[in-house]
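The model discussed here is a predicted one.

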Amino acid sequence: MKKNNIFMMGLFVAATLFTTGCSDSFLEVDNPTGEPLEEYYTTDAHIQEALVAAYDPLHWPDWGLGQYNALNIDAEIMGDDFWVGGANAADMQNWHMLFNYVADENNTLSSLWTVDYSGIKRCNDVLAYLPLGTDLTEANRASYEMQARTLRVFYYNMLWHYFGNVPFYLENLSNPPYTAPQLTADEVYDQLIVELEAIIDSNVLPMRWDDTQAGRVSQAMAWMMYAEMVMYQNDESRYSKALQGMQAIINSGQYALNPDYANLWEESGEWCSESIFEINYEDANNERGWSSPLAIGGTVLPTLIAPNSWPGGDGWDGGDGWGFLPVRVETYDMYAEGDVRRDATCWDVRGVTYTERYQDTHIWLAKYRPFTENNKDAGFDNNLNYNNNYRYYRYAETLLNAAELSVRTGGGNAATYLNEVRYRAGLDNIDATIDNIIEERHLEFVGEGKRYWDLVRSGKAASVLVPDQYGYRTNAWTESKKYIPIAQAEIDAAQGTLVQNNY
């Protein structure tokens, strides 16, 4: 359920402009009180404002800066569980081109780049202000530092996953032409993983925050990001440490599977025992609107992935669905009889009449589907202001990470971890093999933006992501498609210091 946490308040300070972190100038912004920033950000309260501002870009990707980039859609369209949908193949053309592995510098995830570098800039701001603090306790100083550093790794992690070879800096750019060295993907990983190890080893962040602070990065969130990065890099030298992190979460006793899988996706399931990290959205008292997309409020994701002209019923009065991300029939059919995840994942409305859009299967993602209850308190622009939190890391992933890392390191308990997830789904035990664990992740995380990355890191992408029988995807994934194109505007602004990915 919705918690009384700080990230639902309207305290998001305009401490930075919404520019990229490597190619545009970060123009100085005077504080509204008239004080220079270096004089304003000297108190605990004001540095907390800067920290909250560093969290703010987490909310932006679904719509902002001229592009839709809902985090699960960006990843799922390149996988094998969904079609892109929309009105036609020109509707969100960049998604359709990424789906078919023909994206280019003019059709890529351009605003995601800007969002993440904006987040990085804000994190760097916090770290620059900390030495100026005059009334910070040492505990608060350490907490703010580690939160900002963890968030910075999060933003870089997103860039690393999608773009690979990106400009990297840990202090904000201050001199024209505001460019930073572009590191290779391996170099970016090397920088980030050491930074994340330092954060984790500091043990400053709590394993779990209390409900009033839900939404802050935690030790458990940092461990989950660590395991995700190590596994995606196939960094065998760090598998054991990543497993230790998963076991630390498990043994903490602060997380557990929610007994009801379907409840995970209801408002009452937000920040439940299974939730390790969520991005908070709220419909009440929204400031977000189509003319103010970066303000606080709700999310447009349910509108994006809902059927068009829904006639009403099943908890939704209907209307404004845009028909993106229809579930493939094959995805629905892959679930075994009795697997409770199928109906909690797939909103099967075959037989209901509405306005069909491109690639429509009459099966939609139930996890983030619209309910009238979820945006009824928005004061305006309701279709942009659903209160569905975005579930980023769940305890089920902790267990499946632990199972896989146990197998890869020869450790024990892999079957116990794997079958705990299956038991919740209503299924019998199976052996803990890598293939079985990858398939269990497939079943568990449909629509959560995990599948594509699992296929790439496991070496299965080239054999799974191939032309389909419907003629929608006509190209096969190849290793050169691992990192998507950088937007031409970024290439141009970098004045010859940014090299395009070989896509």
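## Packing of α6 and α7

Helix α6 (residues 138-163) and helix α7 (residues 185-202) have axes that come within 10 Å of each other and cross at roughly 155°. Because angles over 145 degrees count as roughly antiparallel, α6 is roughly antiparallel to α7. The crossing of these helices, α6 and α7, is left-handed.

On the α6 side, the contact is made by Met146, Arg149, Thr150, Arg152, Val153, Tyr156, Asn157 and Trp160, which meet Ala185, Val188, Tyr189, Leu192, Glu195, Leu196, Ala198, Ile199 and Ser202 of α7. Sorted by class, the contact of α6 with α7 holds 11 nonpolar, 3 polar and 3 charged residues.

## The largest cavity

The model has 7 cavities of 30 Å³ or more, and the largest of them has a volume of about 300 Å³. Its lining consists of 21 residues, with Glu228, Tyr392, Gly449, Lys450 and Trp453 lying nearest the centre of the cavity. Two or more lining residues come from each of α3 (71-76), α6, α8 (219-233), β4 (390-394), α13 (395-409) and α16 (451-457).

Helix α6, already described in its contact with α7, gives the most to the lining of the largest cavity, with 4 residues. By class, the lining of the largest cavity divides into 9 nonpolar, 4 polar and 8 charged residues.

## The second largest cavity

The second largest cavity contains about 110 Å³ of space, and of the 14 residues that line this cavity, Arg208, Trp209, Ala214, Trp271 and Ile276 are the closest to its centre. The lining of the second largest cavity is made up of 5 nonpolar, 4 polar and 5 charged residues.

Conventions. Residues are numbered from 1 along each chain as its sequence is written. This is a predicted model: local features need pLDDT of at least 70, side-chain atom pairs count only at pLDDT 80 or more; totals for chains, interfaces and linings use all residues. Side-chain values use heavy atoms; hydrogens and water are left out. Axes are lines fitted to C-alpha atoms, for helices over the stretch in contact, and angles run from 0 to 180 degrees between N-to-C directions. Angles under 35 degrees count as roughly parallel, over 145 as roughly antiparallel, 65 to 115 as roughly perpendicular and the rest as oblique. A crossing is left-handed if the near helix is turned anticlockwise from the far one by less than a right angle, and right-handed if clockwise. Contact means heavy atoms within 4.5 Å. Ala, Val, Leu, Ile, Met, Phe, Trp, Tyr, Cys and Pro count as nonpolar, Asp, Glu, Lys and Arg as charged, and the others, Gly among them, as polar. On a 1 Å grid over the protein atoms alone, a cavity is a set of points where a 1.4 Å probe fits but cannot get out, and a pocket is an open set with protein on both sides within 12 Å along at least five of seven lines; lining residues have an atom within 4 Å of a point. Grid points are joined across faces, edges and corners, and a volume is the space filled by probe spheres set on the points.
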